[in-house]
Amino acid sequence: MQTFMALRGGGGAGRWALQSLLLAIIVGTLWASVAARTGPAHSKVVVCYISTWAVYRPGDGAYSIENFDPSLCTHAVYAFAGLDITQSVIKSLDPWQDLLEEYGKGGYERLTGLKRSHPHLKVSLAIGGWNEGSRNYSTLVANVQQRQHFVHQVSGFVRKYNFDGLDLDWEYPTQRGGSPADRENFVSLTKELREEFDGHGLLLTSAIGAAKHVIDQAYDVRQITRYLDFLHIMCYDYHGSWDHKVGYNAPLTAPAGDPLSVQHTIDYLLELGAPPSKVVLGLPFYGRTFKTVAQGNVDDASDGVGFQGPFTREDGFLGYNEICRILSNKTSGWSKKWDAPTSQILAKSERNVFTQDVSVVTFDSSRSIANKVKFAVQKKLAGVMVWSVDTDDFLGKCELDEDTFADFRLVTNSPRRLNQNYPLLRTINEATTFALDELAADEVVVPDDSENEIPHGNNAAAANVVSLALPISFVFTLLLSLRH
Ligand SMILES: *[C@@H]1O[C@H](CO)[C@@H](O)[C@H](O)[C@H]1NC(C)=O
Ligand SMILES: *[C@@H]1O[C@H](CO)[C@@H](O)[C@H](O)[C@H]1NC(C)=O
């Protein structure tokens, strides 16, 4: 204040300099408040995987970085990069799509470039995925020199393309040709990456398998959670055509004694010592498909293959954008049934007169997604993750569900949307806000000295507004007082 007084009494040049300075502060503060509003308006994370090969899908299935809407996610994950085990380095799996070199399309930099218009967005690069297998990762982590080389190289690689971090998608340590030592060596890898990344402020996350036997064998949960910022739990593929019977892809709950449910996976990880604030619940934007000569109900024997969709073209798998088109088509002959205990939908075709087959798909509707978001909020998890945004109805071609918030006590009308596209991602953000409100209403307010606490959770946004408003009004008052 003394400096201000001195300047006020001083010459015009000093006042001009001070006014410019204050103006710069105002502009900076306003810009920061705008920047804070480029993402979701709640306090949970929404981690959005993009399977970048979706760009090769035909017709309306083709998804490029330009289709991504960064305002609906807090984190984006570019999937996938690969491992070159001969050099112990991370490498692009599709240099033409990923890189700019040799007239490439520069996907890495197109995605990380979205941070300029959406400063809230954090962008990670994922290494691994199902097709990369497990064996080469097992080899890498078993050797301390190779590990060190990889850690150093990957740190430079992610920074070179302006990523904010690395997501480990090794599926899975100790499995699929891995070795029992992977469990311990994976801890070493995360520890050494953490030490390197801390020097550069980089995020370190990992996709985590949901099956109990995978969790038991692959992960020392207590140790890896020390070094990871978030664990992205892949809570899907609980049932599929490989079972040779019809089942739900991602049931929220299962009968006692059946460990194959979202609830069981999350409760088990928390029990093993994973802090809720680091656990991110994975949601599938796809369903699992079956063919059966029976009626097409759960547990009916099926052919082990399923069927494929016109965009994703993979047996046993249908994107939500493919499913919702079939169901929006009134002449397709498909019917659907909501299952309350699992929060899943089973949809089936009429019997094919030639093959005698019934086609079945089990999947997450927007109501399923909303209920799982509520579950994540009730468990006080960090938020949710989606695999993957490229199979949401990103073009907005389908009718919107009307029962999305049927299981929410405080929601009477679905919120109006300015856009029809991304129904599942929009549901996540709406459901997060609603679920936080419900939770706040449920939690008994005990009179205490809480006004002295730092605001947290849902109140953080309001606190930000106050913390911005105070300096702004202060600066305005000063400016006015400077103009005689
Ligand atoms: C593992 O590395 C070898 C040697 O570079 C490579 O030929 C193989 O394709 C890799 N495995 C997978 C599943 O990518
Ligand atoms: C709707 O389904 C019918 C019967 O399967 C099919 O012939 C028609 O092409 C579909 N319409 C659209 C718009 O996909």
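A residue is taken to be near a molecule if its C-beta atom, placed from the backbone, lies within 6 Å of it. In the predicted model described here, ligand 1 is surrounded on this basis by Ile-85, Thr-86, Glu-132, Gly-133 and Asn-136. Sorted by class, this shell comprises 1 nonpolar, 3 polar and 1 charged residues.

The protein chain contains 484 residues, of which 42% are buried. Its secondary structure amounts to 14 helices and 14 strands. When contacts between residues at least 6 apart in sequence are considered, 75% of them join residues at least 24 apart.

The packing of one pair of helices was examined in detail. In general, two packed helices are described by the angle between their axes and the distance between the axes. Helix 12, formed by residues 366–378, packs against helix 13, formed by residues 423–442, at an angle of about 40 degrees. The axes of helix 12 and helix 13 lie 8 Å apart. Helix 12 is therefore oblique to helix 13, since an angle under 35 degrees would be needed for the pair to count as roughly parallel and one of 65 to 115 degrees for it to count as roughly perpendicular. The crossing of helix 12 with helix 13 is right-handed. On the side of helix 12, the contact is made by Ser-366, Ile-369, Ala-370, Val-373, Lys-374, Val-377 and Gln-378. Helix 13 contributes Pro-423, Leu-424, Thr-427, Ile-428, Ala-431, Thr-432, Ala-435, Leu-436 and Leu-439. By class, the residues of this contact comprise 11 nonpolar, 4 polar and 1 charged.

The loop between strand 14 (383–387) and helix 13 includes Gly-396. This glycine counts as partly exposed, because 14 C-beta neighbours lie inside 10 Å. When neighbours within four places in sequence are left aside, Gly-396 is in contact with Asn-419, Gln-420 and Asn-421. Gly-396 and Pro-423 are 27 residues apart in sequence, yet their C-alpha atoms are 7.4 Å apart in space. Pro-423 is also one of the residues through which helix 13 meets helix 12.

Backbone geometry was considered next. Most residues other than glycine have a negative phi, and most peptide bonds are trans. Against this background, the peptide bond from Trp-387 to Ser-388 is cis, with omega near -10 degrees. Ser-388 lies in the loop between strand 14 and helix 13, the loop that also holds Gly-396. A cis peptide bond is likewise found from Glu-171 to Tyr-172, again with omega near -10 degrees. Tyr-172 belongs to the loop between strand 5 (165–169) and helix 7 (182–198).

Positive phi values occur at residues including Tyr-103, which is not a glycine and has a phi of about 60 degrees. Tyr-103 is placed in the loop between helix 3 (95–98) and helix 4 (107–112). With 8 other C-beta atoms within 10 Å, Tyr-103 is exposed, because 12 or fewer such atoms place a residue in that class. Asp-237, also not a glycine, has a positive phi of about 60 degrees. The position of Asp-237 is in the loop between strand 7 (230–234) and helix 10 (262–271). Asp-237 has 21 other C-beta atoms within 10 Å and is therefore buried, the cut-off for this class being 20 or more.

Methods:
Residues are numbered from 1 along each chain as its sequence is written. Chains are lettered from A and ligands numbered from 1 in the order in which they are written. This is a predicted model: local features need pLDDT of at least 70, side-chain atom pairs count only at pLDDT 80 or more; totals for chains, interfaces and linings use all residues. Axes are lines fitted to C-alpha atoms, for helices over the stretch in contact, and angles run from 0 to 180 degrees between N-to-C directions. Helices (H or I, at least four residues) and strands (E, at least two) are DSSP runs, numbered from the N terminus. Angles under 35 degrees count as roughly parallel, over 145 as roughly antiparallel, 65 to 115 as roughly perpendicular and the rest as oblique. A crossing is left-handed if the near helix is turned anticlockwise from the far one by less than a right angle, and right-handed if clockwise. Two residues are in contact if their C-beta atoms, placed from the backbone, lie within 7 Å. Ala, Val, Leu, Ile, Met, Phe, Trp, Tyr, Cys and Pro count as nonpolar, Asp, Glu, Lys and Arg as charged, and the others, Gly among them, as polar.
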